[in-house]
Structure formats: structure tokens, C-alpha cells
Amino acid sequence: MDGDKTVSEKIYSELYHEIVTHKLKPGQNLTLAMLRKRFNVSHTPIREALTRLSSDGLVSYESNKGMKVVEFTDSEIREIFQFTAELEIIAMRFCSNAFTMAPLLNEMKAIISQEENALKNNDIELWGKVSGIFHGLFYKYSGNRFLNEVAERMGARMELMSNMYSHKDYDISASITNRQREIFKAVEAGEFDRAADLIRAHLQFSMIDVLEMSSYDD
């Protein structure tokens, strides 16, 4: 861990990584006593870290039970993907001016090329890291701070769910790259309505993958 991070930031970063990579399982309890023993610190930085994780939507509080890793119902998964799709479409439309379009297209093209190379080398873990950047590009070039703030609040939930399959299945990963390539082509051609439809379809397919993986874990 970085030496200049506060104790609370270190605890937050470690727990965040373990939750989104499913080392800490949905529904798993996170008691102050357990975390104090693990990190050998007082309650204060642990509470601060848990508060941030709660703001990210990664932990939840239950009366008489304390904090636990969040569990999503099927309905919540559908709502998250639907909202994320519409948010991404808004960001994409904000990018549709001459000054942001060229760098956006360059980065989209480069990422898809990196994904394809990772798939050729059967490096699904690298593919996952690169693929995750693709959806952030629209927000990056949207030029809207408030849109970015909302996207950041949803980001942790989407990272948690995408990790349910993105590092495991080559065929799913290849399908995602193909869909991202079609989105790129539509944006490149200035067909923003078509790009919006492709974004919705893309995230609907990803939602189905998450729902299927979630049912396997039950």
C-alpha cells in the first residue's frame, strides 16, 4: 500500500478490492471486532472506511447485525444496468462535438485493439482491466462534472458485478469486445441514435450474464 495514504484510506482500499473481486462474498458480515483484529487499529479509521464503502454501495447496515457486504436482488441488478445504460448514453451524447470526438475515438479504437490482443493471448485478466476503461471514456470526454459524479457513485457497483464473469469466461469477454466495436463504429459514423441502441443492448446482455452468474452462486 502507498505510504502516504491514511490508515482509513488503506483499510478502505483493501476492503474495496476484496469486495469487488469477490474475495469478500455478498452477505458476509464485517464486524468492527473482526476488522479491528485484522488491521490492528482503533474503531475510528474502520468506521471511516466502512462509511465510504457504504457510500459506494458496497456495504449495507442491518439493525442488530451491523455491516455486511451488499447483496443485490435480481430486481436491483436490472435497475442498476438500466440506469447505467441511460447514464452512459447521456455521456456519449455530451461527447458529440468536434473538439472531444477525435480524442474519444482514438482512445476507443486503442482500447478495442488492446482487448483483441489480450484475447489472442488468452489473458482474460488483462482483458478485464482494459475493457473496464471503455465505458469510462464517454464520461471522461463529456465535460460534465456532475455527470461524472453520478457515474463514480455507480462505478463500484458495476465493477463488483462485472467481475462476476469478466475474468472467467473467454466467450463472454469476446462477445463484449465485439459489442464495444459496434458501438465504436456507430459513434465514429456519427450515428448517435444507433450508438444509444447498441449501448442499451450491450448492457442488457451484460445484465443477463450477471443474473445467470448470480443464480449459480445461490
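Trainee: How many aromatic pairs does the count come to?

Mentor: This is a predicted model, in which local features need pLDDT of at least 70 and side-chain atom pairs count only at pLDDT 80 or more, while totals for chains, interfaces and linings use all residues. Residues are numbered from 1 along each chain as its sequence is written, and side-chain values use heavy atoms, with hydrogens and water left out. Rings of Phe, Tyr and Trp (its six-membered ring) pair if their centres lie within 6.5 Å; planes under 30 degrees apart count as stacked, over 60 as edge-to-face and the rest as tilted. By this rule, the number of aromatic pairs is two.

Trainee: Which class does the pair of Tyr 12 and Tyr 16 belong to?

Mentor: Both residues lie in helix H1, four residues apart, about one turn of the helix; helices here are DSSP runs (H or I, at least four residues), as strands are (E, at least two), numbered from the N terminus. Tyr 12 and Tyr 16 are both buried, a term for under 20% relative accessible area, with exposed over 50% and partly exposed in between (1.4 Å probe, protein chains only). Their ring centres are 5.8 Å apart and their planes stand at 50°, so the pair is tilted.

Trainee: Which class describes the rings of Phe 134 and Phe 138?

Mentor: Phe 134 and Phe 138 are four residues apart in helix H6 (residues 124-140), which means about one helical turn separates them. Each of the two, Phe 134 and Phe 138, is buried. With centres 6.4 Å apart and planes at 80°, the pair is edge-to-face.

Trainee: How is H6 oriented relative to H8?

Mentor: Two packed helices are described by the angle between their axes and the distance between the axes. Axes are lines fitted to C-alpha atoms, for helices over the stretch in contact, and angles run from 0 to 180 degrees between N-to-C directions. H6 and helix H8 (residues 170-188) pack at about 30°, with axes 11 Å apart. Angles under 35 degrees count as roughly parallel, over 145 as roughly antiparallel, 65 to 115 as roughly perpendicular and the rest as oblique, so H6 and H8 are roughly parallel.

Trainee: How is H1 oriented relative to H2?

Mentor: The axes of helix H1 (residues 7-20) and helix H2 (residues 32-39) come within 12 Å and cross at roughly 110°. H1 is therefore, relative to H2, roughly perpendicular.

Trainee: Is Glu 18 buried or exposed?

Mentor: Glu 18 lies in helix H1. Leaving aside its neighbours within four places in sequence, Glu 18 is in contact with Lys 23, Leu 24 and Arg 38. Because its relative accessibility is 15%, Glu 18 counts as buried.

Trainee: How is H1 oriented relative to H3?

Mentor: H1 and helix H3 (residues 43-56) pack at about 45°, their axes 8 Å apart. The contact involves residues including Tyr 12 and Tyr 16 of H1 and Leu 50 and Leu 53 of H3. The angle therefore makes H1, relative to H3, oblique.

How values were computed:
Contact means heavy atoms within 4.5 Å.
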